[in-house]
Amino acid sequence: MYARRRRTYFAMMGGCIGLFVLAWGVVRLWSVPVAVGMCVVAMVIPPAAAMVANRRGPEDRWWDDPSGDPKSDEWWDELDGKKRGR
């Protein structure tokens, strides 16, 4: 899953850079408003790419990891209805 998220992130960021380069290297010669529109679209891609890259999958069990604070872990286990075998 991590490799797929990473590939998707780099594809999205590559598309973002491609849009900027195309907009100001080629498209602006024919239409500046279209080039500005392409840059607006490219501006939205990085936050979306960050959300895709940092999304947790169903197999990522990050919520079960102990925090390192025994009191906090005990409290969360009690809330989750778990019993720790010590």
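The expected span of a helix is 1.5 Å times one less than its number of residues. Helices here (H or I, at least four residues) and strands (E, at least two) are DSSP runs, numbered from the N terminus. With that in hand, take α1: its 24 residues should span 34 Å at 1.5 Å a residue, and its end C-alpha atoms are 34 Å apart, which agrees.

Before going further, a word on the model. This is a predicted model, in which local features need pLDDT of at least 70 and side-chain atom pairs count only at pLDDT 80 or more, while totals for chains, interfaces and linings use all residues. Residues are numbered from 1 along each chain as its sequence is written, and side-chain values use heavy atoms, with hydrogens and water left out.

**Overall picture**

The protein has three helices and zero strands, giving the pattern α-α-α along the sequence. On pLDDT (the predictor's confidence in each residue, from 0 to 100), the protein averages 84, and 83% of the residues score at least 70. Confidence is highest in α2, at a mean of 93, and lowest in helix α3 (residues 70-80), at 79. Where pLDDT is low, the predicted coordinates should not be read in detail.

At the start of α2, a side-chain oxygen of S31 comes to within 3.4 Å of the backbone nitrogen of V34.

Buried means under 20% relative accessible area, exposed over 50%, and partly exposed in between (1.4 Å probe, protein chains only). By that rule, 17% of the 86 residues in the protein are buried.

Counting a contact as heavy atoms within 4.5 Å, residues 24 or more positions apart account for 47% of the protein's contacts with a separation of 6 or more.

**An aromatic pair**

Rings of Phe, Tyr and Trp (its six-membered ring) pair if their centres lie within 6.5 Å; planes under 30 degrees apart count as stacked, over 60 as edge-to-face and the rest as tilted. The count comes to one aromatic pair. The rings of Y9 and F10 have centres 5.4 Å apart and planes at 70 degrees, so the pair is edge-to-face. Y9 counts as partly exposed because its relative accessibility is 27%, whereas F10, at 54%, counts as exposed.

How values were computed:
A polar contact is a pair of N or O atoms within 3.5 Å; within protein, one must be able to donate a hydrogen and the other to accept it, and residues adjacent in sequence count only if both atoms are side-chain atoms.
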